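Please look over the salt bridges, strand pairing and surface of this model. The report below takes them one topic at a time.

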Amino acid sequence: MFAAIGHLLRLLRAVYVLAREGVFSGIDPRLVPIEARLPLAVARLIARKNVGVGMSRLAVAIQRLGPSYIKLGQFLATRPDVVGAGAVMALESLQDRVAPFPRAVSVAIIEAAFGQPIDSLFVSLSEPMAAASIAQVHRARLRNQDGERDVAVKVLRPGVERLFRRDISDMYFAARLAERWLPDARRLKPVEVVDTLARSVTMEMDFRLEAAAASEFGENAGADPDFRVPRIDWNLTAKEVLTLEWIDGTSLSDMAGLEARGLDLPSLGRVVIQSFLRHAMRDGFFHADMHQGNLFADHDGKLVAVDFGIMGRLGPKERRFLAEILYGFITRDYNRVAEVHFQAGYVPRTHRVADFAQAIRAIGEPIHSRTADQISMAKLLTLLFEITALFDMHTRIELVMLQKTMVVVEGVARKLDPRLDLWATSEPVVRSWIEENLGPLGKLQDAGASVMSLARASLALPDVLVRGERILSSLETSFDKGIGLSGESLEALAKAQAGRFGWMTGALWLIGIALMLHWLF
């Protein structure tokens with residue numbers, strides 16, 4: 001009861017901040033249900049004057065609400081189906097940048113994590129180089145048997161875990177209310193959306209998990225000629241501290257610096273797109289936060305990614321789905337794109353493939369009438385998800401993260417080369433994956449995997465039969481002798497319910513006694 005009151009009060013504060021910043025003032029009352037018009041009028045009265053209205057103030061309001069809401073806003077920027085196109089444009093401007101905490105606090109956290117004084121761990125530790133809501137980064141000098149080298153030391157912000165737990169709990173409360181009272185919201189799976197956000201934030205706040213993600217990502221990309229991942233220093237990595245190779249390179253956000261180095265920017269843009277697609281389709285494990293600040297061009301001109309707190313995974317079915325959809329649009333085979341949706345089980349069989357293919361054609365054909373620099377792959381996927389909503393396709397969280405990342409990756413590539421031909425850039429990677437996985441070689445590999453699965457199943461068959469025989473024997477004995485309930489079981493059952501409904505406690509006792517008498521007599 002008290003927890004629910006706490007959730008409501010904090011959510012009301014969030015609504016008040018949104019109203020105060022004028023977020024609701026641009027909404028036409030005629031477009032909302034009658035019962036919502038009075039609260040909308042109150043929100044307009046609360047709004048501050050002369051600061052602008054509508055979605056233009058959304059980012060300002062969310063910044064005021066704190067880091068948890070910034071993370072939620074950044075996530076919802078990938079969901080135009082939930083918040084609308086206008087809100088997406090406002091949310092895309094959110095920046096997770098906050099004031100750094102003192103170096104002395106970082107030193108205390110590092111010393112507590114490793115049980116050693118800072119001077120025995122590092123030759124030097126700089127003031128904060130960058131700060132966000134979850135952590136900040138220092139540049140440090142490390143000495144070992146191979147000599148001295150620079151490393152990046154990422155330190156968890158103190159108190160951030162408690163703050164996020166509280167705010168995520170409020171978001172769960174709101175999501176469950178929406179699913180219970182708003183039938184239209186159920187298709188959007190708000191609880192599942194918060195689940196994804198909670199998992200992402202939890203993993204971001206345990207730097208051992210981020211180190212593991214970076215390590216796996218680095219192994220996958222080890223043979224890539226134009227992409228690499230910083231090396232992790234496991235000896236100086238703990239839950240609150242992550243130490244990894246310092247990258248001496250130029251951030252992709254520094255266009256002047258990239259041009260001054262004489263780098264081939266169009267080529268770098270192609271590397272950004274192809275690396276993302278290669279990791280998503282080949283490995284099923286991709287960097288899900290590939291904005292310009294997390295990408296660098298090193299001294300060799302290779303693309304280097306940093307910050308592995310948000311990673312995405314795709315299973316074999318999702319990888320095939322992505323590859324065949326992109327290839328279907330490239331080749332204008334809309335019927336195949338539709339069939340893939342049905343084969344993956346994303347669209348219910350109550351609809352017809354031909355009707356779905358017709359809807360997809362409405363998205364694809366305008367693309368092929370435009371020049372390369374006018375085509376947005378991310379926009380295509382957004383439109384595709386809007387169309388699928390008409391065909392009862394439920395939200396797929398893993399595909400939402402994929403689409404979100406593609407929006408960011410496309411934006412980075414476009415800034416490097418505004419006339420980048422996304423389809424020509426993507427086609428070699430997509431075609432290669434399809435030939436390898438869906439061509440003759442891929443079918444042979446699938447057949448081999450099926451044979452191995454059958455072999456493993458056959459080896460396990462005797463144990464399965466023995467367990468099945470035991471279960472059947474137990475069931476027969478139960479039906480022959482009756483199912484008994486001990487006094488202890490009845491007492492435990494009663495205690496478990498006693499705190500909820502008094503009348504139900506008595507009812508359970510009566511039911512239990514009746515069952516016992518039935519089987520005994």
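This is a predicted model: local features need pLDDT of at least 70, side-chain atom pairs count only at pLDDT 80 or more; totals for chains, interfaces and linings use all residues.

Asp-224 and Arg-282 join their side chains in a salt bridge, with N to O at 2.9 Å. The two residues lie 58 residues apart, so the bridge links distant parts of the chain. Asp-224 sits in the loop between α12 (207–220) and β4 (227–228). Arg-282 belongs to helix α14 (residues 265–283).

Strands β4, β9, β8 and β6 make an open sheet of four strands, in the order β4-β9-β8-β6. The pairing is mixed. At the edges are β4 and β6 (249–251), each of which pairs on one side only. Helix α14 packs on this sheet and touches β4, β8 and β9 (303–305). The direction of α14 makes about 50 degrees with that of β9.

How do β6 and β8 run? They are antiparallel, and three bridges join β6 to strand β8 (residues 295–298). Ser-251 has Phe-296 in β8 as its bridge partner.

Strands β2 and β3 form a hairpin, with two residues between them. Their pairing is antiparallel and covers 10 bridges. Within this pairing, His-138 has Val-153 of β3 as its bridge partner.

Strand β3 also pairs with strand β5 (residues 241–245). That pairing is antiparallel too, over five bridges.

## Charges on the hairpin

Arg-139 and Asp-150 meet through their side chains at 2.8 Å, N to O. Arg-139 is in strand β2 (residues 135–144), and Asp-150 is in strand β3 (residues 147–156). They are 11 residues apart. Arg-139 has 28% relative accessibility, so it counts as partly exposed.

Which residues are linked with this pair in a network of salt bridges? The network holds Arg-139, Arg-141, Arg-143, Glu-148, Asp-150 and Asp-248. Across the whole structure, a search finds 30 salt bridges.

## A bridge within one helix

Arg-336 and Glu-339 form a salt bridge, their closest N and O atoms being 3.3 Å apart. Both residues are in helix α16 (residues 334–343). They are three residues apart, which means a separation of about one helical turn.

The two partners fall into separate accessibility classes. Arg-336 counts as buried because its relative accessibility is 19%, and buried means under 20%. Glu-339 is partly exposed, with a relative accessible area of 29%.

## A nonpolar surface patch

What makes up the nonpolar surface patch of about 470 Å²? Phe-2, Ile-5, Leu-9 and Leu-12 form it. Ile-5 is placed in helix α1 (residues 2–20). With a relative accessible area of 37%, Ile-5 is partly exposed.

Note on methods: Residues are numbered from 1 along each chain as its sequence is written. Side-chain values use heavy atoms; hydrogens and water are left out. A salt bridge is a side-chain nitrogen of Lys or Arg within 4 Å of a carboxyl oxygen of Asp or Glu. Buried means under 20% relative accessible area, exposed over 50%, partly exposed in between (1.4 Å probe, protein chains only). Patches are made of residues with over 30% relative accessible area and no salt bridge: like charges are joined within 9 Å, nonpolar side chains (Val, Leu, Ile, Met, Phe, Trp, Tyr) within 5 Å. Accessible areas come from the Shrake-Rupley method with a 1.4 Å probe; for residues, only the protein chains shown count as cover. Two strands pair if DSSP finds at least two bridges between them. Contact means heavy atoms within 4.5 Å. Axes are lines fitted to C-alpha atoms, for helices over the stretch in contact, and angles run from 0 to 180 degrees between N-to-C directions.
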